[in-house]
Amino acid sequence: MIDALPPVGVPADKVLAELGDLRAADLPTHGGRLFAYVYDPAVAGLDELANAAHALAAHVNGLDPTAFPSLLALENALVGAAARLLGGGPGTAAPEVAGSVTGGGTESLILAVKAARDARPEVARPRLVVPTSGHAAFAKAAHLLGVALDQVPVSAETLRPAPGDVAAAIGPETVLVACSAPSYPYGVLDPVAEIAELAATAGVRCHVDACFGGWVLPYLRRLGVPVPPFDFGLPGVTSISVDLHKYAYTPKGVSVLLHRDPGLRRPQYFAFAGWPGYTMVNPVLSSTRSGGPIAAAYATLRHLGDAGYLTLAEQTLTAVRGLAGAVSAVDGLRLVTEPESTVVCFTSTDPGLDLFVLADELTRRGWHTQPQLSYAGLPASIHLSVTASVAPRVPEFGADLRAAVADARSAGPVALPAELLGVLDTLRPESLTPELVAGVAGGLGLDPAAGRPPERMAPVNTLLDAAPVPVREALLAEFLGLLQRPGY
């Protein structure tokens, strides 16, 4: 365990060296080998620019824009850029788009749900309609805000919800209908035009979660990709979220939540004057906010510019097509869907080829992918979020993928103990005691004392994949709790 509060202060160079040692155990954030969590454009000098901008504004507090007008100007500039990209602003169908800069996509989605809920105070039990492929942050928002979650199934063939099923889910208590452009798991766009029209006919807000792809889809369209309408050009779309720390390639965490007009944004705000301290008014969930990420985002956008983002989108598109071809060329693998955006998602057609073992084999070769569990008739899969930095790595990945598949076949699928499989269906979340979970974790190679996940994740993923969804959730929470232990 490391000691964050030593009896005597540690010299600066030693502290930085310690941080460097800790970072050495992390996945590589640059170099085109990590297909999740971070987004690398491989643009020389961009990190240094963003870091310098972050340092200039790190101690500026977004709590009070009258005290720090520089931050207000930067936020307005970012909102304006996002609005223009997504069909808003003067001369468009949505000339008065209003927005806010948030700390990430989850915060943007929570605020979109809050604004919709608070705009309908007469609804005693507000409800949110969202496809099952919608981001888990919608479920988190519903849980935190006391909103009922109505999930609409997606087709195993199209990976999209049927508009008719969405229409059937909308009722008098529905305050928001949500859809994705694209969905994170598979990178396909929901039928946004149809869903937005259904919501408008019902008099309900429609939020488009474009956190993942909203910044890159307009550029892909300019490159000839047939991207269907999904933005404020559709009259029924009332709000859109887009993460700048994804395909705008800014440091984390910066997202933008846009509303079609200021009136729709109004219930997003929280204001409170019923105490003797300063009057609180917050457009987002946090009160105190560092200006560092916002300044870094502004510097990134200004430096890359529209032409820079078009070039990065073209490089990403080349990488997507190359990776999809590499997957399709391997016997026993198939694409879950032909790529529509920046995601390559594939599954196994060979019972002897365990996807979770394959993911471990790719990790062993330095490729860090994102396994996805099976759900409601949708198969387990491996998700690749593709960035511009991947383009020169495609031939290398293809060769390693073939070798990893061969080794995964030789290793065979993970075999969980029969007694464990026998009790999975009978387990209930409330029956998962710390002692039981610790025993299961130990059997899977998860060592709580090590303070890090196991080297092989296939046994863990196999267990989670076999468990009912409520047990999956409880196991995940307990496993994370085992890892998150304070250093006393």
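In which order do the seven strands of the open sheet lie? The order is β1-β7-β6-β5-β4-β2-β3, with mixed pairing. Strands (E, at least two residues) and helices (H or I, at least four) are DSSP runs, numbered from the N terminus, and two strands pair if DSSP finds at least two bridges between them.

This is a predicted model, in which local features need pLDDT of at least 70 and side-chain atom pairs count only at pLDDT 80 or more, while totals for chains, interfaces and linings use all residues. Residues are numbered from 1 along each chain as its sequence is written, and side-chain values use heavy atoms, with hydrogens and water left out.

Select β1 (98-102) and β3 (148-152), the edge strands, each of which pairs on one side only. From one strand to the next, the twist averages 20°; axes are lines fitted to C-alpha atoms, for helices over the stretch in contact, and angles run from 0 to 180 degrees between N-to-C directions.

Move to β2 (127-131). Four of its five residues are buried, so β2 is largely enclosed by the rest of the structure. Buried means under 20% relative accessible area, exposed over 50%, and partly exposed in between (1.4 Å probe, protein chains only). β2 and β3 run parallel and are joined by five bridges; Leu-128 stands opposite Leu-149 in β3.

**The helix across the sheet**

Select helix α4 (residues 105-118), which lies across β1, β2, β4 (174-180), β5 (205-209), β6 (239-243) and β7. α4 runs at about 25° to β7.

**Thr-462**

Thr-462 is located in helix α15 (residues 458-466). Thr-462 counts as buried because its relative accessibility is 14%. Leaving aside residues up to four places away in sequence, Thr-462 touches Asp-354, Phe-356, Val-414 and Leu-416, where contact means heavy atoms within 4.5 Å. Display the C-alpha to C-alpha distance between Thr-462 and Val-414: the two are 7.0 Å apart in space and 48 residues apart in sequence.

Finally, select Ile-2, in the segment before α1 (12-23). Is Ile-2 buried or exposed? Ile-2 counts as exposed because its relative accessibility is 62%.
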